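Please keep the structure open while going through them.

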Amino acid sequence: MVAVPRLVIAAPSSGSGKTTVATGLMAAFAQRGLAVSPHKVGPDYIDPGYHTLATGRPGRNLDAYLCGPQRVAPLFLHGARAADLAVVEGVMGLYDGAAGQGELASTAQVAKLLRAPVVLVVDASSQSRSVAALVHGFASWDPEVRIGGVILNKVGSDRHEALLREALEESGVPVLGVLRRSARLAVPARHLGLIPAAERRTEAVGAVREMADRVLAGCDMDALLALARTAPVLTDEPWDPLACGRPFRRGGTEGHSPTAAPRPVVAMASGPAFTFSYPEHTELLTAAGAEVIPFDPLRDERLPDRTAGLVIGGGFPEVYAPELSANELLRKAVATLASAGAPVAAECAGLLYLARELDGAPMCGVLDATARMTDRLTLGYRDAVAVADSALAEAGTRLRGHEFHRTAIEPGAGRTPAWGWSQPARRLEGFVAGPTGGVHASYLHTHWAAEPSLAHRFVARCAG
């Protein structure tokens, strides 16, 4: 049994200030000397980048749709090892989850799975006494969700605060913080949400510091910590990448044994253009026997030495298309590696990078396809099955993923597609290409903790 003090930061709706409050709390508690474990409900990659800046620990996602409800608590405990406190930022409104799936993947479901008290962040800018009815409704909707307090955001004045506090006295839910309206704290956004912290490191550090200052000035930190400590022990076993199946074998010994041949190098795209990656992917690849080495396609002109496989996750190649195209040496190195049959796993941004061109700028040319920006946002969970054997997945492998982009690729599927989707509509998508199906490229973001065989299969192919 593991005791981890914890809070879930939720809201009635998107735009209420969850990210500001959650990130500010993480940074403020870290400034007080606590080891803070940061988490985010849902598939979003961007908020965890700010959480990492706030705490110095990897921001981790808790997604009951991608990974299954049964893995939420184990993944949480894995991320929260040796932490004094865990702060979980919710997604959308408290009770909003996967479309048509009831509470699945909602913040409320995750809070129940973690048996964690919820702090409700309420945008109070256009209400006074009505706030009590709103809070009462959220607190009473599901008796299994324990709302332990409210943080009032965007409060206009002392008089406004007094009216809100008076109203909430009738609700029985304590006010744990009041944050005033502020034009100073504005994290810039673009077509897919906030600009990732990795793209604006100096400014992001300043923004996180400002969030912490606001929280420290407006919140009862002692009361919040006391509430976190009311969370009961969890009886789940922490998730362990080393326990997720067998690593590859070479010469009869484990691939990661000190007496074995060198680990195969898996190069992982990183830097400002490729910021979307779950930390569990690196952990699973390492546990499976690989040496994972990051590289930046914007700056590095060659792949890491001894690269045997390549992982290119999500991000914003459309923002950096001219710079990626200008790095011709690396584009040719990627194409050469893929044509030699090396395993390549590409998701969303990686798919675009492997195409012939993106918005007219030459890319790697691994795939006979062209990509472009569009005005249409494609967003949602997907149920998928692997159509063919590839370096990443065995044909018939079923898993759930998430799609999130404003780009289009033509054609949408290769002669050998990567996935067949059953939800939200049946179609074939993505590409399996290269000698012996070494390249697996798709718009689908997946969480390998749900199917560790992906990492093991990939590393085994890298090891030859």
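1. For the residue classes used below, Ala, Val, Leu, Ile, Met, Phe, Trp, Tyr, Cys and Pro count as nonpolar, Asp, Glu, Lys and Arg as charged, and the others, Gly among them, as polar. By that scheme, the lining of the second largest pocket consists of 16 nonpolar, 9 polar and 2 charged residues.

2. The model is a predicted one, in which local features need pLDDT of at least 70 and side-chain atom pairs count only at pLDDT 80 or more, while totals for chains, interfaces and linings use all residues. Residues are numbered from 1 along each chain as its sequence is written, and side-chain values use heavy atoms, with hydrogens and water left out.

3. An open sheet is formed by 7 strands in the order β3-β2-β4-β1-β5-β6-β7, with parallel pairing (strands are DSSP runs of E with at least two residues, helices are runs of H or I with at least four, both numbered from the N terminus; two strands pair if DSSP finds at least two bridges between them). The edge strands, each pairing on one side only, are β3 (60-62) and β7 (175-180). On average, neighbouring strands of this sheet are turned by 25 degrees against each other, direction ignored (axes are lines fitted to C-alpha atoms, for helices over the stretch in contact, and angles run from 0 to 180 degrees between N-to-C directions).

4. Within this sheet, β2 (residues 36-41) and β4 (residues 85-89) pair in the parallel sense over 5 bridges, and lysine 40 has glutamate 89 in β4 as its bridge partner. Helix α2 (residues 46-55) packs on the sheet and touches β2, β3 and β4, its direction making about 170 degrees with that of β2 (contact means heavy atoms within 4.5 Å).

5. How do α1 and α9 cross? The axes of α1 (residues 18-31) and α9 come within 12 Å and cross at roughly 95 degrees, which makes α1 roughly perpendicular to α9 (the class for angles of 65 to 115 degrees). Leu25, Ala28 and Phe29 in α1 meet Met221, Leu224 and Leu225 in α9, and the residues of this contact divide into 6 nonpolar, no polar and no charged.

6. The second largest pocket holds about 680 Å³ of space (on a 1 Å grid over the protein atoms alone, a pocket is an open set of points with protein on both sides within 12 Å along at least five of seven lines, a cavity is a set where a 1.4 Å probe fits but cannot get out, and lining residues have an atom within 4 Å of a point; grid points are joined across faces, edges and corners, and a volume is the space filled by probe spheres set on the points). Of its 27 lining residues, the closest to its centre are Gly49, Thr52, Ala198, Thr275 and Ser277. The largest share of the lining, 5 residues, comes from α2.

7. A further open sheet has 6 strands in the order β13-β12-β14-β15-β23-β22, with mixed pairing. Strands β14 (residues 307-312) and β15 (residues 344-347) run parallel and are joined by 3 bridges, with valine 344 in β15 as the bridge partner of leucine 310.

8. The largest cavity contains about 170 Å³ of space, and of the 20 residues that line it, the closest to its centre are His281, Val311, Gly313, Glu347 and Trp448. Its lining has 12 nonpolar, 7 polar and 1 charged residues, and the largest share, 3 residues, comes from β15.

Methods
Angles under 35 degrees count as roughly parallel, over 145 as roughly antiparallel, 65 to 115 as roughly perpendicular and the rest as oblique.
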